[in-house]
Amino acid sequence: MKSVLYVLTALSVFGLALWAYQENYRTQQVVKETQKLQREIGMAQVKLAVLNAEWAYLNRPDRLRELADLNFERLGLLPLRAEQFGRADQIAYAEDPDLPIVDPIELQAITNIQALGEVQIP
């Protein structure tokens with residue numbers, strides 16, 4: 001009886017050791033993937049910082065003014081004036097088109113049910 005117990009205990013210890021071994025390697029794989037993703041995120045942030053710096057450099061007002069002056073004849077750019085700006089209430093928005101009712105419901109039946117108190121609409 002004791003030998004069976006020893007064998008079962010040894011098998012359970014062996015099984016738990018195998019499970020711990022597999023979990024260790026799975027954990028190491030997940031850590032490696034996480035580190036890889038963090039490196040990729042860091043590289044993307046560096047690239048984004050470089051792009052933001054380039055954008056700021058290319059959109060300097062003095063550079064844009066110089067480009068506008070150089071290409072004045074070809075582009076026909078003019079300086080902005082106060083008369084060119086308007087108010088929000090002067091904007092003509094398109095009106096919403098009247099959509100046809102595809103599946104009409106009977107409103108009288110709904111109001112009758114509400115009047116009877118059978119349906120409570122919050």
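Guide: This is a predicted model. A search of the whole structure finds one aromatic pair. The partners are Tyr21 and Tyr25, with ring centres 4.9 Å apart and planes at 65 degrees.

Visitor: Why is the pair of Tyr21 and Tyr25 called edge-to-face?

Guide: Two values are needed, because a pair of aromatic rings is described by the distance of the centres and the angle of the planes. Rings pair if their centres lie within 6.5 Å, and planes over 60 degrees apart count as edge-to-face. The centres of Tyr21 and Tyr25 are 4.9 Å apart and the planes stand at 65 degrees, so the pair is edge-to-face.

Visitor: What separates Tyr21 and Tyr25 along helix α1?

Guide: Tyr21 and Tyr25 are four residues apart in helix α1, and therefore about one helical turn lies between them.

Visitor: Why is Tyr25 called partly exposed?

Guide: The term applies between 20% and 50% relative accessible area. Tyr25 has 45%, so Tyr25 is partly exposed.

Visitor: What makes the contact of Arg26 and Glu23 a salt bridge?

Guide: The criterion is a side-chain nitrogen of Lys or Arg within 4 Å of a carboxyl oxygen of Asp or Glu. In the contact of Arg26 with Glu23, the closest N and O atoms are 2.6 Å apart; the contact therefore qualifies as a salt bridge. Arg26 and Glu23 are three residues apart in helix α1, which means a separation of about one helical turn. Glu23 counts as partly exposed because its relative accessibility is 27%.

Visitor: How many salt bridges does a search of the whole structure find?

Guide: The search finds four. Among them is the salt bridge of Glu83 with Arg81, whose closest N and O atoms are 3.2 Å apart. Another is formed by Asp89 and Arg87, with the closest N and O atoms 3.2 Å apart; both Asp89 and Arg87 are exposed.

Visitor: Why does Glu83 count as exposed, and what does Arg81 count as?

Guide: The limit for exposed is over 50%. Glu83 has 63% relative accessibility and therefore counts as exposed, whereas Arg81 has 45% and so counts as partly exposed.

Visitor: How do you know that the charged end of Arg60 sits over the ring of Tyr57?

Guide: The distance part of the criterion requires CZ of Arg within 6 Å of the ring centre. The charged end of Arg60 lies 4.2 Å from the centre of the Tyr57 ring, and is listed as sitting over that ring.

Visitor: Which residues form a nonpolar patch on the surface?

Guide: The patch consists of Val4, Val7, Leu8 and Leu11, with about 380 Å² of accessible area together. Val4 is found in helix α1, which spans residues 2-58. Patch members need over 30% relative accessible area; Val4 has 47% relative accessibility and so counts as partly exposed.

Visitor: Where in the chain is confidence lowest, and where is it highest?

Guide: The chain has four helices and zero strands. Confidence is lowest in helix α4 (residues 107-116), with a mean of 62, and highest in α1, at 94. Where pLDDT is low, the predicted coordinates should not be read in detail. The mean pLDDT of the chain is 84.

Notes. Residues are numbered from 1 along each chain as its sequence is written. This is a predicted model: local features need pLDDT of at least 70, side-chain atom pairs count only at pLDDT 80 or more; totals for chains, interfaces and linings use all residues. Side-chain values use heavy atoms; hydrogens and water are left out. Patches are made of residues with over 30% relative accessible area and no salt bridge: like charges are joined within 9 Å, nonpolar side chains (Val, Leu, Ile, Met, Phe, Trp, Tyr) within 5 Å. Accessible areas come from the Shrake-Rupley method with a 1.4 Å probe; for residues, only the protein chains shown count as cover. Helices (H or I, at least four residues) and strands (E, at least two) are DSSP runs, numbered from the N terminus. Buried means under 20% relative accessible area, exposed over 50%, partly exposed in between (1.4 Å probe, protein chains only). pLDDT is the predictor's confidence in each residue, from 0 to 100. Rings of Phe, Tyr and Trp (its six-membered ring) pair if their centres lie within 6.5 Å; planes under 30 degrees apart count as stacked, over 60 as edge-to-face and the rest as tilted. A charge sits over a ring if NZ of Lys or CZ of Arg is within 6 Å of the ring centre and within 35 degrees of the ring normal.
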